[in-house]
Amino acid sequence: MTKKSYSHPTVELCRDCEGKGLKYLRHDKDPYSKLDPEVILCPTCNGSGRVVVSKEIITTVKPFKE
């Protein structure tokens, strides 16, 4: 038996930018480079730092067999 349920939409922190609204892009892979990283708005949350999340929960119940 499978049961689907949905949770109500909630506002949570954006996981992509960690709630800052900005992303820092490094074009070179050297962590000790003197170049400053490029700062852009987070494409996931459009710079707000928050996203609306709704979840689908699927529960499967199986009979117990010894």
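**Exercise 1.** Which residue's side chain meets that of Asp 16 in a salt bridge?

*Solution.*
- Start with the ground rules. This is a predicted model, where local features need pLDDT of at least 70, side-chain atom pairs count only at pLDDT 80 or more, and totals for chains, interfaces and linings use all residues. Residues are numbered from 1 along each chain as its sequence is written, and side-chain values use heavy atoms, with hydrogens and water left out.
- Apply the criterion. A salt bridge is a side-chain nitrogen of Lys or Arg within 4 Å of a carboxyl oxygen of Asp or Glu.
- Find the partner. Lys 23 pairs with Asp 16, at 3.4 Å from N to O.
- Check accessibility. Buried means under 20% relative accessible area, exposed over 50%, and partly exposed in between (1.4 Å probe, protein chains only).
- Classify the pair. Asp 16 has 37% relative accessibility, so it is partly exposed. Lys 23 has 22% and is also partly exposed.

**Exercise 2.** Find how many salt bridges the whole structure holds. Then place the Glu 12 and Lys 55 pair in the fold.

*Solution.*
- Take the total. The search of the whole structure gives four salt bridges.
- Take the distance. Glu 12 and Lys 55 form one of them, at 3.9 Å from N to O.
- Locate both ends. Glu 12 sits in strand E2 (residues 10-13), while Lys 55 sits in the loop between strand E5 (50-53) and strand E6 (56-60), so the bridge ties together parts 43 residues apart in sequence. Helices (H or I, at least four residues) and strands (E, at least two) are DSSP runs, numbered from the N terminus.
- Classify the ends. Glu 12 is partly exposed at 26% relative accessibility. Lys 55 is partly exposed at 43%.

**Exercise 3.** Describe Glu 18: its partner, its location and its backbone.

*Solution.*
- Partner: the side chain of Glu 18 meets that of Lys 20 in a salt bridge of 3.8 Å, N to O.
- Location: Glu 18 is in the loop between E2 and strand E3 (22-25).
- Accessibility: both Glu 18 and Lys 20 are exposed. The relative accessible area of Glu 18 is 59%.
- Backbone: most residues other than glycine have a negative phi. Glu 18 is not a glycine, yet its phi is positive, about 60°.

**Exercise 4.** Is Asn 46 buried or exposed, and where does it lie?

*Solution.*
- Location: Asn 46 lies in the loop between strand E4 (38-41) and E5.
- Accessibility: Asn 46 has a relative accessible area of 63%, so it is exposed.
- Backbone: Asn 46 has a positive phi of about 55°, though it is not a glycine.
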